[in-house]
Amino acid sequence: MFARRILLGVTAAIGVYVGLWAAVWPTGFYDAFPGFGRIWVAVDGPFNEHLIRDVGALYLGLAVASIAAAFARDAAAARVVGVAWTVFGLPHLLYHVTKLGGMATVDAIGNVVSLGGNLALGILLMLPGPRETIDEKEDV
């Protein structure tokens, strides 16, 4: 299904954007994520290069899984990737929702909306297509 491939493309883009930045330039990620003059990571505690590089690697792994599922053209592959984004996204969102105190209002809203959007993408990828049944495969 074309819509599912679009969702996979969006998740891949998110994964590459966050992942490359955090994995390759962890100090820059810490100091300036998400960009555009906003700062979301540095307000949460001291710099930890290991943690930031690991988060970058996680996002890159999710991006590669999204890309692979898009090329697989199999709805089951896309659903598995959706499970991965959801399993990562839910606790990630829940953590950040409880740590908004040091952020400006616009940053707190942006943080919740972006992380909530990532979670929603994962959930949408998990859902079966409109004509999909247990016994048939749907083209992604």
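Reader: At roughly what angle do the axes of α1 and α4 cross, and within what distance do they come?
Author: This is a predicted model, and in it the two axes cross at roughly 40° and come within 11 Å.

Reader: What makes α4 roughly antiparallel to α5?
Author: Helix α4 (residues 75-97) packs on helix α5 (residues 105-126) at an angle of about 155°, with the axes 7 Å apart. Anything over 145 degrees counts as roughly antiparallel, so α4 and α5 get that label. Their crossing is left-handed too.

Reader: Which residues does α4 bring to the contact with α5, and which does α5 bring?
Author: On the α4 side you'll find A78, R79, G82, V83, W85, T86, G89, L90, H92, L93, H96 and V97. On the α5 side there are N111, V112, L115, G116, L119, G122, I123, L125 and M126. Sorted by class, the contact has twelve nonpolar, eight polar and one charged residues.

Reader: How do α1 and α5 cross, and which residues meet there?
Author: Their axes come within 10 Å and cross at roughly 145°, and the crossing is left-handed. R4, L7, L8, V10, T11 and I14 in α1 meet N118, L121, L124 and L125 in α5. Those divide into seven nonpolar, two polar and one charged.

Reader: Let's turn to the spaces. What is the volume of the largest pocket, and which residues lie nearest its centre?
Author: The volume is about 680 Å³. The lining takes in 28 residues, with F29, F33, V41, H92 and H96 nearest the centre.

Reader: Which elements give two or more residues to that lining?
Author: They are α1 (2-24), α2 (26-32), α3 (49-72), α4 and α5. Of these, α4 gives the most, with five residues. By class, the lining of the largest pocket has 20 nonpolar, seven polar and one charged.

Reader: How many cavities of 30 Å³ or more are there, and what makes a space a cavity rather than a pocket?
Author: A search of the whole structure finds one. A cavity is a space where a 1.4 Å probe fits but cannot get out, while a pocket is open. The largest cavity holds about 40 Å³ of space.

Reader: Which residues line the largest cavity?
Author: W40, V43, D44, H96, K99, L100, M103 and N111 do. They comprise four nonpolar, two polar and two charged residues.

Reader: What kind of peptide bond joins F33 and P34?
Author: A cis one, with omega at about 15°. P34 lies in strand β1 (residues 34-35).

Reader: What is the phi of F36, and where is F36 placed?
Author: Phi of F36 is near 60°, a positive value in a residue other than glycine. F36 sits in the loop between β1 and β2 (38-39).

How values were computed. Residues numbered from 1 in each chain as written. Predicted model: local features only at pLDDT ≥ 70, side-chain atom pairs only at ≥ 80, totals over all residues. Heavy atoms only, no water. 1 Å grid on protein atoms, 1.4 Å probe; cavity = no way out; pocket = protein on both sides within 12 Å on 5 of 7 lines; lining within 4 Å. Points joined across faces, edges and corners; volume = space filled by probe spheres on them. Nonpolar A, V, L, I, M, F, W, Y, C, P; charged D, E, K, R; others polar. Axes fitted to C-alpha atoms, helices over the stretch in contact; angles between N-to-C directions. Helix = DSSP H or I, 4+ residues; strand = E, 2+ residues; numbered from the N terminus. Parallel < 35°, antiparallel > 145°, perpendicular 65-115°, else oblique. Left-handed = near helix turned anticlockwise from the far one by under 90°. Contact = heavy atoms within 4.5 Å.
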